Amino acid sequence: MAAEGQSPAVTAQLELLVKTLLDPRAPTTVRDPAEAWKVHVADSLSVLEIGTLDGASTIADIGAGAGFPGLPIALAMPAARVELIEATARKCEFIRHAIDVVGIVNARVVNARSEEWAAAPSPEGGREVYDAVTVRAVGRLATVAELASPLLRDEMPLVVWKGRRDAGEEAELERSAERLSMRPERVVPVGPYAGSEHRHLHVIRKAGATPEGLPRRPGMAKKRPFGSS
């Protein structure tokens with residue numbers, strides 16, 4: 001397998017990353033290496049096709065799960081620091097294992113809810129310290145925009161991996177945008193590069209100071225998203 005645009009060394013590390021998913025402890029149902037490459041690696045790296053992360057030096061991956069898209073992004077962007085935020089300790093243990101096995105020097109695991117991490121200012125936490133936030137398979141657009149807002153610097157992007165477009169979900173995001181200081185910018189279809197049929201990347205940009213009251217207490221963004229009817 002080869003990663004388009006990546007050096008042989010990075011491709012070898014990505015292949016080693018895929019092999020870590022054979023570990024029974026890996027929090028994924030995808031075990032076949034060829035399928036894992038498509039579903040996890042190619043899907044993660046599809047963000048490089050749209051240029052939104054160009055120049056980012058600090059990236060947060062919310063709800064990192066098994067380490068995607070954060071770990072492939074870290075390998076493809078060695079000049080950036082990627083912090084993988086994951087609340088489940090078991091998943092964090094696996095991500096740390098993968099980082100050690102593959103030798104990913106610019107990735108770090110944060111075992112916390114994103115709301116908790118955003119509530120604490122730097123250097124103890126992650127409030128308004130990131131040049132970009134990535135989110136894959138976490139929740140509705142309005143929910144993830146709320147989680148990302150207090151983590152991002154002003155005018156910095158959130159990229160959300162979604163499947164088929166949902167007009168109702170996008171309208172919910174539009175209604176919540178001002179309240180979150182997050183501006184929907186564009187929706188990019190990346191099906192030819194991704195591991196999910198009908199894959200779209202939603203780019204949402206921080207549009208001002210973090211609103212007072214964010215983050216809300218853990219779970220509220222999902223339970224009662226702003227913009228819901």
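Student: Which helix supplies the largest share of the lining of the largest cavity?

Tutor: α5, with 3 residues. This is a predicted model: local features need pLDDT of at least 70, side-chain atom pairs count only at pLDDT 80 or more, and totals for chains, interfaces and linings use all residues. Residues are numbered from 1 along each chain as its sequence is written, and side-chain values use heavy atoms, with hydrogens and water left out. Helices (H or I, at least four residues) and strands (E, at least two) are DSSP runs, numbered from the N terminus.

Student: How many cavities of 30 Å³ or more are there?

Tutor: On a 1 Å grid over the protein atoms alone, a cavity is a set of points where a 1.4 Å probe fits but cannot get out; lining residues have an atom within 4 Å of a point. A volume is the space filled by probe spheres set on the points, which are joined across faces, edges and corners. Here the search finds 1. The largest cavity holds about 40 Å³.

Student: Which elements and residues line the largest cavity?

Tutor: α5 (114-119) and α6 (141-148) each give at least two residues. The lining includes Ser114, Glu146, Pro215 and Arg216.

Student: What volume does the largest pocket have?

Tutor: A pocket is an open set with protein on both sides within 12 Å along at least five of seven lines. The largest one has about 380 Å³. It is lined by 20 residues; Ile62, Gly63, Arg113, Val138 and Leu147 are the closest to its centre. β2 (81-86), α5, α6 and α8 (220-223) each supply at least two lining residues.
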